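Here is a friendly walk through the rings and charges of one structure. Please have your viewer open as you read.

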Amino acid sequence: MTEQANNLNTEFRSRTYNIPLDNIDTDQIIPAQFLTTTNREGLGEFCFYAWRFNEDGTAKENNPLRDHHPDRQQVLVVGSNFGCGSSREHAPWALLDYGIRAVISSRFADIFCNNSLKNGLIPVTVEEQLVEYLHAHPDSAVRIDIARRQLTVENYGTIQFPLDAFSAFCLTRGIDQLDFILQNEQEISAHEQKYNK
Amino acid sequence: MPQQSPSDSTLFEKVWQRHLVREESAETPAILYIDLHLLHEVTTPQAFAELKKRGLSVRRPDRCLATIDHSTPTSAPDAEGRHHYVTEQARDQVETVQRNCAKHGIVLHGWDSPNRGIIHVMGPELGATQPGMTIVCGDSHTSTHGAFGALAFGIGTTEVGHVLASQCLLQSKPNTLGIRIEGELAPGVTAKDVILHIIGTIGVDGGTGSVIEYYGSTVRAMDMDSRMTLCNMSIECGARAGMVAPDEVTFDYLAGRPLSPQGEAWDTAVADWKTLKTDAGATYGAQVDIDATAIRPSVTYGTHPGMVVAVDEAIPSGDTNESIAAALEYMGFKAGQTLADESVDVVFIGSCTNSRLSDLRAAAGIMKNRKVAHGLRALVVPGSEEVRRAAEADGLDRIFIDAGAQWREPGCSMCIGMNGDIAAPGELVVSTSNRNFKGRQGPLSRTILASPLTAAACAITGRVSSAQQFLEAGSD
């Protein structure tokens with residue numbers, strides 16, 4: 001029924017995994033060759049595909065994800081401007097299906113951030129200094145509390161991260177954003193009449 | 001300096017204000033009415049599936065306009081008129097959007113339409129794109145339509161579903177960034193060089209959270225094709241949208257187009273459109289000044305569109321971080337070197353950035369009576385059927401074919417490489433498209449972004465080179 005109901009995600013603990021690169025674009029997260037699908041499921045297999053696999057499907061040696069354990073490292077720590085490029089929602093779908101629940105960066109691209117929040121993938125924006133700390137301390141234990149908008153990092157402390165009130169409300173209550181828009185049917189019709197649309 | 005009065009507002013604020021169904025509050029984002037929803041095969045199937053699952057209908061099919069462009073082959077159909085898709089999944093995706101649009105009464109310009117094209121080329125050509133509109137599409141290059149003074153931006157598939165069902169979007173109000181571009185462009189410098197220069201200056205996240213308004217004498221002097229190129233790549237500096245205030249150039253472009261207002265409605269519309277400009281006393285959240293006279297033909301050297309140098313300029317050395325080092329390693333370039341004389345394997349002229357008639361004319365001017373370098377593959381892909389017809393009427397197809405380039409069917413083609421038009425691993429592509437991300441044009445392919453003039457010059461010389469020598473020599 002609701003978009004978020006299946007992955008209600010108000011508070012969780014995990015370990016971090018570092019990809020210390022800036023400007024990781026959505027073509028890296030999910031290459032265009034996998035966008036001909038008409039489903040949103042099963043894209044984890046293709047997440048960061050060109051980083052993980054050679055052309056012939058064999059595993060790559062210099063894979064930035066080679067030491068990643070998605071079962072316990074569900075939080076990625078990345079460089080700035082993560083998710084730049086295309087508007088493909090396949091990017092958060094792929095990350096979630098791959099096992100990622102939150103991404104920590106000093107800056108996210110707008111559309112990626114929007115798309116993530118609509119699917120329960122949490123973009124956690126923090127100061128550059130904390131990103132550097134996490135990069136220097138791989139596999140850190142973290143706790144993310146969406147309702148309180150708090151990130152707790154072991155041996156570092158707890159910080160607030162920005163998250164708009166409405167997204168936090170929807171994520172923690174399982175409120176569906178389309179249902180919310182449709183509750184404004186009268187206002188939408190009134191707007192169409194006023195502007196002769 | 002004029003005093004700012006409370007009623008002074010920017011172009012963006014005027015368009016935003018007109019579309020507010022509900023104001024933003026501390027608890028909820030604004031509800032913004034969407035005038036035009038553009039759709040294509042890649043980002044819509046899951047949205048239609050969601051509507052079906054919930055038993056919802058499309059609220060305003062008359063405000064939707066669809067085409068097929070990304071997964072479509074650009075090779076000619078066979079003798080029986082069959083199109084050869086790269087995979088059965090690609091065919092299925094195209095057939096899915098056709099089915100969905102037919103079911104919901106949405107106009108789709110498919111294989112049989114004389115108007116089919118890249119969505120951001122087709123919309124303006126039809127006159128569907130108009131000043132003051134809000135326009136969205138599940139495609140980040142929707143920013144193109146801002147060239148007409150529309151507020152146009154890319155959305156994800158969940159939001160495509162929102163707009164289909166409600167004709168509205170939840171939006172928090174973005175910041176504004178004014179980019180003033182002044183001065184005359186040197187010969188051989190195009191809108192593509194201007195936007196590459198801007199992204200190189202403000203960075204690939206320099207516009208994040210903002211709607212850009214481009215203004216100044218350089219912008220006023222640009223035709224609509226150039227303004228579209230400029231706005232198209234706004235997303236490459238992270239901006240939500242790019243806009244140019246409409247003027248006589250805009251109105252002349254739109255007059256008489258199939259979906260433009262006609263007769264009395266046209267006069268009323270133009271009178272209204274003339275009010276769509278930033279008031280003298282209004283200010284932007286941030287402001288950047290660009291000296292157009294200093295811009296030279298530009299190319300990218302790395303793996304994002306902000307790594308920009310002039311064609312004959314050395315790749316910056318010194319302050320290189322891990323990301324730049326990784327980019328140079330991928331590209332096989334070194335800090336301090338120039339790109340001149342790097343051997344080019346493929347030239348791609350096309351994409352929603354640079355596939356319009358003026359782009360093809362510029363490229364043809366260089367390629368006329370010359371030959372594509374031995375061993376180099378050159379693809380010229382018109383942005384739409386309309387561009388193709390106009391180019392063929394001009395004889396441009398013959399110029400390209402005689403030069404040894406491929407003249408293909410309209411589509412996104414090698415910009416995104418979803419349809420099988422890709423470069424081989426390691427190949428160096430000089431491309432008039434918008435993204436040089438790793439593997440964007442095929443696994444392990446390497447991309448240099450450039451203008452149609454520069455790309456055409458590279459096709460002839462087989463090396464990274466500017467069009468200067470050919471512009472001086474003329475086409476004969």
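## Rings and charges

Over all chains, the structure holds 17 aromatic pairs (rings of Phe, Tyr and Trp, the latter by its six-membered ring, with centres within 6.5 Å; planes under 30 degrees apart count as stacked, over 60 as edge-to-face and the rest as tilted). One of them is the edge-to-face pair of Phe82(A) and Phe112(A), with 5.2 Å from centre to centre and 85° between the planes. This pair links distant parts of the chain, 30 residues apart: Phe82(A) belongs to the loop between β2 (75-78) and α3 (90-98) of chain A, and Phe112(A) to helix α4 (residues 110-117) of chain A. Helices (H or I, at least four residues) and strands (E, at least two) are DSSP runs, numbered from the N terminus. Phe82(A) is buried at a relative accessible area of 0%, and Phe112(A) is buried at 3% (buried means under 20% relative accessible area, exposed over 50%, partly exposed in between, with a 1.4 Å probe and protein chains only).

A word on the source: this is a predicted model, in which local features need pLDDT of at least 70 and side-chain atom pairs count only at pLDDT 80 or more, while totals for chains, interfaces and linings use all residues. Residues are numbered from 1 along each chain as its sequence is written, chains are lettered from A and ligands numbered from 1 in the order in which they are written, and side-chain values use heavy atoms, with hydrogens and water left out.

Chain A also has an aromatic cluster formed by Phe34(A), Phe46(A), Tyr49(A) and Phe53(A). Rings meet charges too: Arg101(A) lies over the face of Phe12(A), 4.2 Å from the ring centre, and the charged end of Arg257(B) sits over the ring of Tyr253(B), 3.9 Å from its centre. Here a charge sits over a ring if NZ of Lys or CZ of Arg is within 6 Å of the ring centre and within 35 degrees of the ring normal.

## Salt bridges

How many salt bridges does a search of the whole structure find? Over all chains there are 38 (a side-chain nitrogen of Lys or Arg within 4 Å of a carboxyl oxygen of Asp or Glu). Among them are these three:

| Pair | N to O distance |
|---|---|
| Arg54(B) and Asp176(A) | 2.8 Å |
| Arg82(B) and Asp78(B) | 3.1 Å |
| Asp421(B) and Arg408(B) | 3.5 Å |

Arg54(B) lies in helix α2 (residues 45-54) of chain B and Asp176(A) in the loop between α6 (165-173) and α7 (177-182) of chain A, so this pair joins two chains. Both Arg54(B) and Asp176(A) are buried. By contrast, Arg82(B) is partly exposed at 48%, and Asp78(B) is partly exposed at 21%. Asp421(B) is buried at 9% relative accessibility, as is Arg408(B) at 17%. Salt bridges that share partners also join Asp176(A), Asp179(A), Glu50(B), Lys53(B) and Arg54(B) into one network.

## A buried arginine

Arg356(B) sits in the loop between β15 (346-349) and α12 (357-367) of chain B. Arg356(B) is buried but has no salt bridge, and the nearest side chain of opposite charge, Asp225(B), is 4.8 Å away. Its side chain does reach the backbone oxygen of Cys352(B) at 3.0 Å. Beyond neighbours within four places in sequence, Arg356(B) is in contact (heavy atoms within 4.5 Å) with residues including His120(B), Thr144(B), Asp225(B) and Val387(B).

Methods:
Lys and Arg count as positive and Asp and Glu as negative; His and the chain ends are not counted. A polar contact is a pair of N or O atoms within 3.5 Å; within protein, one must be able to donate a hydrogen and the other to accept it, and residues adjacent in sequence count only if both atoms are side-chain atoms.
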